[in-house]
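Subject: Structure handover and findings

Hello,

Here is the structure I said I would pass on. Please open it beside this email and follow along as you read.

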Amino acid sequence: MDKFSLKILSTLIVTATLLGCNDDKKVEEDTKPVTQEEKKKEPLSQPLVSAIYTADPSAHVFNGRIYIYPSHDTATGTPEDDLGSHFNMMDYHILSMDAPGGQVTDHGVALHIKDIPWAGRQLWAPDAAFANNTYYLYFPVKNKQDVFQIGVATSSRPEGPFTPEKTPIAGSYSIDPCVFKDDDGRFYMYFGGIWGGQLQRWTNNKYDSSAKNLEGDQTAVLPRMARLSTDMKSFAEPVKEIKIIDKDGKLFREKDNDKRFFEAAWMHKYKGKYYFSYSTGDTHYINYATGDNAYGPFTYQGVILNPVDGWTNHHSIVEMDGKWWLFYHDVQLSGKTHLRNVKVTELKYNEDGSIQTINAYK
Ligand code: FUB
């Protein structure tokens with residue numbers, strides 16, 4: 001079968017699947033026709049699930065199985081705006097599989113916004129960790145004053161259901177938590193996202209609702225981090241900025257928007273080095289920078305993932321049985337930027353520890 005016939009066949013399968021999908025009934029009316037340009041593109045990987053829309057995949061290996069903690073995109077009809085109001089998610093579904101390429105299980109609703117007492121709207125990109133014989137789900141959501149904070153919920157099982165704490169993590173703000181366990185057993189949370197993620201409104205850990213997006217020569221907003229207490233529900237230290245520097249030791253400016261941090265922090269360790277990766281948002285790259293300890297500074301190295309279809313680019317990196325995997329998303333199923341689908345592909349390192357850049361389309 002040639003590539004074009006394959007594309008038609010996969011479109012038919014996807015359409016048939018979506019027609020059978022109860023959860024996102026507005027999918028059909030929201031789906032745009034595939035453009036001529038898209039017809040030419042062959043995706044590197046296929047969506048892991050197609051019965052629901054999923055995004056922002058944070059993957060972890062728990063008990064020899066891969067668990068994916070994604071956002072659950074839904075077509076709520078919320079009008080699109082520059083603050084991302086159309087990303088109006090209400091719950092989380094955890095996915096799992098034996099290994100990349102294996103059958104994917106959707107474990108159903110793991111946490112719903114109605115069960116989070118302090119939540120207002122928009123459950124965005126979550127992450128998870130295991131400690132104290134407990135699974136912790138970390139999630140950003142706007143509080144009732146419309147300010148993003150980060151909450152935590154617990155479960156005895158990696159797939160949930162999760163029970164949320166009654167209040168957000170004290171001192172937390174903005175979006176996209178990534179919780180990283182270092183080799184000494186300490187856990188750190190990396191977080192933040194500018195523009196709709198509100199990070200530009202936080203200076204010295206104080207909120208200013210009138211703060212504007214930065215411009216031009218201004219030093220770009222820096223991502224944040226804090227070590228977690230052993231209870232995994234609080235910060236053990238004040239939130240700090242993380243420096244991402246170029247090879248000359250200089251911080252990026254806002255106009256360096258193909259390199260500066262925007263959102264979607266992820267931390268992993270490879271051969272003793274700390275790899276801090278992130279999305280550049282409006283230029284749509286997943287970039288990385290490396291450092292010698294969990295606090296940085298991190299020196300910019302390059303691009304992990306080139307832009308994908310859709311506005312957002314968001315990822316996680318996980319090792320299983322000696323191979324490394326990049327989880328990411330695009331909008332293959334819907335063509336709509338707020339109705340995404342998670343995917344996985346292998347990630348490879350060069351001998352010198354640099355990461356081989358991935359193109360999501362052949
Ligand atoms: O899914 C909502 C937001 O879009 C995430 O928090 C960002 O990282 C971007 O993917």
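How do the residues of the lining of the largest cavity divide into nonpolar, polar and charged? Before the answer, please note that this is a predicted model.

**Cavities**

The count comes to 2 cavities of 30 Å³ or more. The largest cavity has a volume of about 50 Å³. Its lining consists of Thr219, Ala220, Val221, Leu222, Ile244, Leu251, Phe252, Arg260 and Phe261. To answer the opening question, 7 of these lining residues are nonpolar, 1 is polar and 1 is charged.

The second largest cavity holds about 40 Å³ of space. Among the residues that line this second largest cavity are Ser58, Cys178, Trp266, His314 and His315. By class, the lining of the second largest cavity has 6 nonpolar, 3 polar and 1 charged residues.

Aspartate 176 also belongs to the lining of the second largest cavity. Aspartate 176 sits in the loop between E9 and E10. The phi of aspartate 176 is near 55°, a positive value in a residue other than glycine. Aspartate 176 is buried, with a relative accessible area of 4%.

Asparagine 63 likewise has a phi near 55°, again a positive value in a residue other than glycine. You will find asparagine 63 in the loop between E1 and strand E2 (65–73). Is asparagine 63 buried or exposed? Asparagine 63 is exposed, because its relative accessible area is 66% and the cut-off for exposed is over 50%.

Strand E1 (53–62), strand E6 (127–131), strand E10 (178–181), strand E17 (263–270) and E21 each give two or more residues to the lining of the second largest pocket. That lining has 15 nonpolar, 2 polar and 5 charged residues.

**The sheet E21-E22-E23**

E21 also takes part in an open sheet of 3 strands, in the order E21-E22-E23, with antiparallel pairing. Strand E21 (315–320) and strand E23 (341–347) stand at the edges with a single partner strand each, so one side of each has no neighbour in the sheet. From one strand to the next, the twist averages 25°.

Strand E22 (residues 323–330) is joined to E23 by 7 bridges. One example to look up is leucine 326, whose bridge partner in E23 is threonine 345.

The loop between E22 and E23 contains serine 334. Serine 334 is buried, with a relative accessible area of 2%. The side chain of serine 334 reaches the backbone nitrogen of lysine 336 at 2.8 Å.

How many residues of strand E8 are buried? In strand E8 (residues 148–155), 8 of 8 residues are buried. In a regular strand, side chains alternate between the two faces of the sheet. In E8, Phe148, Ile150, Val152 and Thr154 point one way, while Gln149, Gly151, Ala153 and Ser155 point the other way.

Strand E7 (residues 134–143) runs antiparallel to E8, and 8 bridges join the two. Tyrosine 136 has threonine 154 in E8 as its bridge partner. E7 and E8 form a hairpin with 4 residues between them, and aspartate 146 in the turn has a positive phi of about 70°.

E8 is also joined to strand E9 (residues 163–164), by 2 bridges in an antiparallel arrangement. Here threonine 154 stands opposite threonine 163 in E9.

**Cis peptide bonds**

Proline 161 lies in the loop between E8 and E9. A cis peptide bond with an omega of about 5° joins glycine 160 to proline 161. Glycine 296 and proline 297 are also joined by a cis peptide bond, with omega about 5°. Proline 297 is in the loop between strand E19 (286–291) and strand E20 (298–305).

**Glutamate 237**

Glutamate 237 is placed in the loop between strand E14 (224–227) and strand E15 (240–241). With a relative accessible area of 16%, glutamate 237 is buried, because buried means under 20%. Its side chain reaches the backbone nitrogen of arginine 227 at 2.8 Å. A polar contact of 3.0 Å also joins the side chains of glutamate 237 and tyrosine 295.

Regards

Methods:
Residues numbered from 1 in each chain as written. Predicted model: local features only at pLDDT ≥ 70, side-chain atom pairs only at ≥ 80, totals over all residues. Heavy atoms only, no water. Pairing = 2+ DSSP bridges. Axes fitted to C-alpha atoms, helices over the stretch in contact; angles between N-to-C directions. Buried < 20%, exposed > 50% of the residue type's maximum accessible area, 1.4 Å probe, protein only. Polar contact = N/O pair within 3.5 Å; in protein donor to acceptor, adjacent residues only side chain to side chain. 1 Å grid on protein atoms, 1.4 Å probe; cavity = no way out; pocket = protein on both sides within 12 Å on 5 of 7 lines; lining within 4 Å. Points joined across faces, edges and corners; volume = space filled by probe spheres on them. Nonpolar A, V, L, I, M, F, W, Y, C, P; charged D, E, K, R; others polar.
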